[in-house]
Amino acid sequence: MTAPAARPTVKCLVWDLDDTLWDGVVLEGDVPPPFPPAATTLKTLDSRGILHAAVSRGDHDTSTAHLDATGLGEWFCAARIGWGDKSVAVRHIAETLNIGLDTVAFIDNDPAERAEVAAALPMVRCYPADLAGQLPELPEFRPAHVTAEAAGRRLLYRTEWRRRQAEEESGGDRRAFLASLGLVMEIAPATEGDLARASELTVRTHQLNSTGLVYGEEDLRRLIAAPDHQVRLARLSDRFGDYGVVGLSVTELTPTESVLRLMLMSCRVASRGAGELMLSHIVRQARAEGRRPVTHFVPTAVNRTMLVTLRFAGYAPVARDTGDGAPMVLEVPADHPVREPGSHVRLLVRPAPGGRSDR
Amino acid sequence: MSRGSAETLDEITRFLTEALRREVGPDDDYFALGLVDSLFALELVTHVEDRFELTVEVEDLDLDSFRTARRLTAFVHAKKADAETAPVHAGDS
């Protein structure tokens, strides 16, 4: 029996270590060598943007030290080593990575451990250790979109891990923490090299998403070339590293209006004020071009955050003759002051494509 | 300020102080202070709805009603008063 095609692809594979990733038990003083098929699977799945985490028995320091000694440590972005229920550790990993449990897979040689995880977390897909080498062949480990961004996802999550530690050390002073990050947002027109990532964002982003429109690469290529459309991407970085491309806007230009057809921002950076920052830029830009800032909004079960963000950015509902099912239309009144970007982030606006090297 | 308003103000101020992990006075504009992101903005709206048993409509989401504890208190009481007399009309507030 295989997983039905309708289930989401796996975003993180959680590994047992002893007798699953490597051939033996590290606790008993062995220096067990990794199973070659397992090591190959680590690299193959990583190149597809699938993350790896470790949930294993034993002493944390001993196990992670051996993980590093085998040269496999760099492939992992989280580890929980101990003696508690593995289902609890798996749940903690999913929360830390901010992914749903239905996108988590678990591999362990011990049927009792798999049964415990499966009973407590039925949405987690469990595999025996002898399947390690074959996992990359399974459809649930074959995401439709593989981008440069996806392949670097592990590094982003490892960086995020360090940020979270810094945030915990800041003791909850949000302003001081944000100021200490040295945030830089760069907003630039999308270019050919961005299309895969831009399309991926329209598929993967749900909460800070104004209309839920999904654009394929071909759609975006056409819009980039169209004189009456603007496609912008936002990149964010801080002193810890690059968050990559996190935001997207698609604007339709009429002689009098700049209509936001889609605006989205990755939930990873919502707590950095990134959505507000990009919106205030869009409003300023529309006014600078002599157009009224208008946006569409289509409510879903999960995007009320976007509505609140739009409203607090100054967009107010306007009455229009629209049929049933038409998007809500909001506009920033002419007398509404646009907030300047906060002092915690530097905004770089690139007016024209070219000059930037693509990864 | 009525007794009810004072209690509401006190309660909202306590919620903000706890959630933002710093002292928030009745007239502190926590948006201007850079303490609010998209996530907390929604949390604040949802908290007001749950705690005071009201529905914040699209028209109600005016930053001027939410930017300080005192303004939020006034919004809550206007909303409650509306609910008791007549259906709320869009754009009245």
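Start by selecting A:N98, which sits in the loop between α3 and β4 of chain A. Keep in mind that this is a predicted model. Color by phi if your viewer can do it: A:N98 has a phi near 60 degrees, a positive value in a residue that isn't glycine. For background, most residues other than glycine have a negative phi. Is A:N98 buried or exposed? The count is 10 other C-beta atoms within 10 Å, so A:N98 is exposed, the cut-off for that label being 12 or fewer.

Now hop over to chain B and pick B:E53, in the loop between α2 and α3 (63-66) of that chain. Here too phi is positive in a residue other than glycine, this time near 50 degrees. B:E53 counts as exposed because it has 9 C-beta neighbours inside 10 Å.

While you're on chain B, show the contact with chain A: 14 residues come from chain B and 19 from chain A. Which element gives the largest share of chain B's side? Select helix α2 (residues 38-52) of chain B, which supplies five residues. By class, chain B's side of the contact splits into nine nonpolar, two polar and three charged residues.

Back to chain A, for a pair of helices. Select α3 (residues 86-97) and α4 (residues 111-120) of chain A, which pack with their axes 8 Å apart at an angle of about 60 degrees. That angle is why α3(A) and α4(A) are described as oblique to each other. Look down on the pair and you have a right-handed crossing of α3(A) and α4(A). To see what touches what, show A:K86, A:S87 and A:V90 from α3(A), which meet A:E113, A:E116, A:V117 and A:A120 from α4(A). This contact between α3(A) and α4(A) has three nonpolar, one polar and three charged residues.

Zoom in on β4 (residues 104-108) of chain A, which runs parallel to β5(A) and is joined to it by four bridges. Pick A:I107 there, and you'll find A:Y127 of β5(A) standing opposite.

Last stop: the eight-stranded sheet of chain A. What is its strand order? Trace β11-β12-β10-β9-β8-β7-β6-β13 (chain A), an open sheet with mixed pairing. At its edges are β11 (316-317) and β13 (345-349) of chain A, each pairing on one side only. In this sheet, select β7 (residues 229-238) and β8 (residues 241-253) of chain A, an antiparallel pair joined by ten bridges. To finish, click A:R232 and look across to its bridge partner in β8(A), A:S249.

How values were computed:
Residues numbered from 1 in each chain as written. Chains lettered and ligands numbered in written order. Predicted model: local features only at pLDDT ≥ 70, side-chain atom pairs only at ≥ 80, totals over all residues. Pairing = 2+ DSSP bridges. Helix = DSSP H or I, 4+ residues; strand = E, 2+ residues; numbered from the N terminus. Axes fitted to C-alpha atoms, helices over the stretch in contact; angles between N-to-C directions. Parallel < 35°, antiparallel > 145°, perpendicular 65-115°, else oblique. Left-handed = near helix turned anticlockwise from the far one by under 90°. Contact = placed C-beta atoms within 7 Å. Nonpolar A, V, L, I, M, F, W, Y, C, P; charged D, E, K, R; others polar. Buried ≥ 20, exposed ≤ 12 C-beta atoms within 10 Å, placed from the backbone.
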